[in-house]
Amino acid sequence: MILIPDVKRKKIGVFGLGLSGVATCEALAASGAHVFSFDENRQARDKVADTEYRCEHPKNWPWKELDAVIVSPGVPLTHPKPHAIVRKAKMEKVPVMGDTELFARALNALEPRARPRVIGVTGSNGKSTTTALIGHILKQAGEDVYVGGNIGEPVLSLPAFESDAIYVLELSSFQLDLTASLRLDTAVLLNLSPDHIERHGSVEGYLKAKKRIFLNQTEKDLAVIGVDDDYVQGVCTEMMARGTADVRPVSSGSALGRGVYALDGKIYYNLDGKTAQAGDISKARSLRGVHNHQNVAAAIAVCEKFGVDPALAVKSAQRFEGLAHRIEEVGRNGKVLFVNDSKATNADAAARALNAFEDIYWIAGGKPKEGGVKSLLPLMNRVRCVYLIGEAAVEYEEQLKDAVTCVHCSDLEKAVAAAAKDAAQSEAANPVVLLSPASASYDQFKNFEERGEAFRALVSDLSATNGEAA
């Protein structure tokens with residue numbers, strides 16, 4: 001647990017009691033703060049009923065005495081309108097922040113020699129895989145590494161700071177919006193595609209939040225930046241011109257005069273005057289697709305700074321097992337491969353999975369994102385049939401019907417059954433049933449994890465029924 005300095009006997013509100021909210025309450029209470037907590041969900045409130053920070057409605061909080069309010073990353077700050085708790089805090093002149101800001105303050109309170117090294121990773125897509133991959137490579141190299149943030153452990157649940165350790169954090173735009181004083185030794189911005197517009201107001205607002213990962217960096221710190229989309233390429237150009245950090249560009253399709261890049265599955269680097277091929281990542285099944293090759297390039301750019309030879313980093317990446325719900329092979333039934341890409345909650349993410357396979361029986365839909373799936377039309381030559389579910393079904397069929405056969409399925413169970421049957425009866429040698437929804441999950445599932453686990457269970461049941469090993 002990370003203890004927070006200078007909060008002893010202070011009164012602090014915590015709004016939102018998911019994993020990070022409960023971890024925040026625990027860390028603040030252990031640090032001597034008087035914690036007032038609340039969540040709009042009764043089950044979440046029940047989780048802390050027997051603790052010293054049991055819930056009390058914010059209307060009963062001592063607002064004139066509060067030193068801060070820590071809110072869940074999902075609490076709207078500005079768009080579509082500020083949450084009531086944010087409006088109340090502003091009216092009472094109480095600072096609003098997130099758990100990552102508390103982590104930053106604890107870090108900043110350390111003497112320089114006691115400070116661990118901290119890596120942060122963000123981007124619209126691939127940030128979880130890249131965060132986990134960096135942690136994997138550094139652990140393989142013998143480093144003491146702790147991974148958390150938006151992936152796995154909340155930041156304040158990570159072990160107490162150790163001067164010789166490395167902390168690798170996945171940071172969402174929501175978390176970055178709530179963080180002001182974090183200085184990262186290494187900051188990674190992978191890519192940006194229009195998403196979370198309802199939260200940030202515009203693509204420009206979304207990009208502004210992502211760029212906060214570079215706040216407080218100095219020329220001694222490393223900025224690793226993707227250059228495969230126009231938004232982030234512009235950030236790279238801007239950062240290099242400013243000279244406020246050591247910038248390393250990364251790409252998965254273009255040769256670079258400086259940085260790390262992938263071409264046809266091979267990783268090349270040009271760092272500190274040394275140019276070489278680091279190795280071949282094309283056969284790594286857990287890192288399929290050009291987008292994952294960019295993730296590998298970013299991980300190598302980071303880990304080389306920490307003393308890991310790029311060739312050894314590629315070998316470690318080849319042993320990486322991957323993450324659940326991200327182009328994850330979850331079963332095979334006869335010739336049919338089943339792939340769970342439930343994390344693909346927008347069209348740009350789904351494009352990465354569609355580019356990784358051929359002869360695809362694609363399950364898509366859910367709660368639609370702005371823009372839908374029109375951008376995926378050029379990839380329909382890889383798709384045999386689309387099985388549509390959820391609120392997006394009618395909209396997505398309208399966008400895709402002239403390019404591919406669409407079948408309406410009321411739910412995921414019917415979609416898996418229909419796709420599996422059609423794939424098995426097809427003449428394709430290696431058909432793939434791919435769940436890559438290009439949509440949020442909230443219309444039928446609690447989150448993308450629940451959706452992915454439901455898909456995994458359906459595949460397992462299907463394989464058991466047909467006597468195949470899942």
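**Figure 1. The loop that holds Asp 264.** Asp 264 lies in the loop between strand S11 and strand S12 (266-271). In this predicted model, the phi angle of Asp 264 is near 50°, a positive value in a residue other than glycine. Is Asp 264 buried or exposed? With a relative accessibility of 76%, Asp 264 counts as exposed, because the cut-off for exposed residues is over 50%.

Figure 2. Tyr 261 is part of strand S11, which comprises residues 259-263. Its relative accessibility is 12%, so Tyr 261 counts as buried; the cut-off for that class is under 20%. Leaving aside residues up to four places away in sequence, Tyr 261 touches Ser 251, Ser 254, Ala 255, Leu 256, Lys 266, Ile 267, Tyr 268 and Ala 297. Glu 198 stands 63 residues from Tyr 261 along the chain, and the C-alpha atoms of the two are separated by 33 Å.

**Figure 3. Helix H1 and what covers it.** Helix H1 consists of twelve residues, 19-30. At 1.5 Å a residue, H1 should span 16 Å, and its end C-alpha atoms are 17 Å apart, which agrees. Which residues of H1 are buried? They are Gly 21, Val 22, Ala 23, Thr 24, Cys 25, Ala 27, Leu 28 and Ala 29. The elements that cover these buried residues include strands S1 (11-15), S2 (34-38) and S3 (66-71), together with helices H2 (42-47) and H4 (99-108). After H1 comes Gly 32, which has a positive phi near 95°.

**Figure 4. The crossing of helices H5 and H10.** The axes of helix H5 (residues 127-140) and helix H10 (residues 290-305) come within 9 Å and cross at roughly 45°. This angle makes H5 oblique to H10. The crossing of the two helices is right-handed. On the H5 side, the contact is made by Thr 129, Thr 130, Leu 133, Ile 134, Ile 137 and Leu 138. H10 contributes Asn 292, Asn 295, Val 296, Ala 298, Ala 299, Val 302 and Cys 303. Sorted by class, the contact has nine nonpolar residues, four polar residues and no charged residues. An α-helix has 3.6 residues a turn, so residues three or four places apart point the same way.

**Figure 5. Loops on either side of helix H3.** Pro 80 is found in the loop between S3 and helix H3 (84-91). A cis peptide bond joins His 79 to Pro 80, with omega about -5°. Lys 93 belongs to the loop between H3 and strand S4 (96-97). Although Lys 93 is not a glycine, its phi is positive, about 60°. Lys 93 counts as exposed because its relative accessibility is 74%.

Note on methods. Residues numbered from 1 in each chain as written. Predicted model: local features only at pLDDT ≥ 70, side-chain atom pairs only at ≥ 80, totals over all residues. Heavy atoms only, no water. Axes fitted to C-alpha atoms, helices over the stretch in contact; angles between N-to-C directions. Helix = DSSP H or I, 4+ residues; strand = E, 2+ residues; numbered from the N terminus. Parallel < 35°, antiparallel > 145°, perpendicular 65-115°, else oblique. Left-handed = near helix turned anticlockwise from the far one by under 90°. Contact = heavy atoms within 4.5 Å. Nonpolar A, V, L, I, M, F, W, Y, C, P; charged D, E, K, R; others polar. Expected span 1.5 Å × (residues − 1). Buried < 20%, exposed > 50% of the residue type's maximum accessible area, 1.4 Å probe, protein only.
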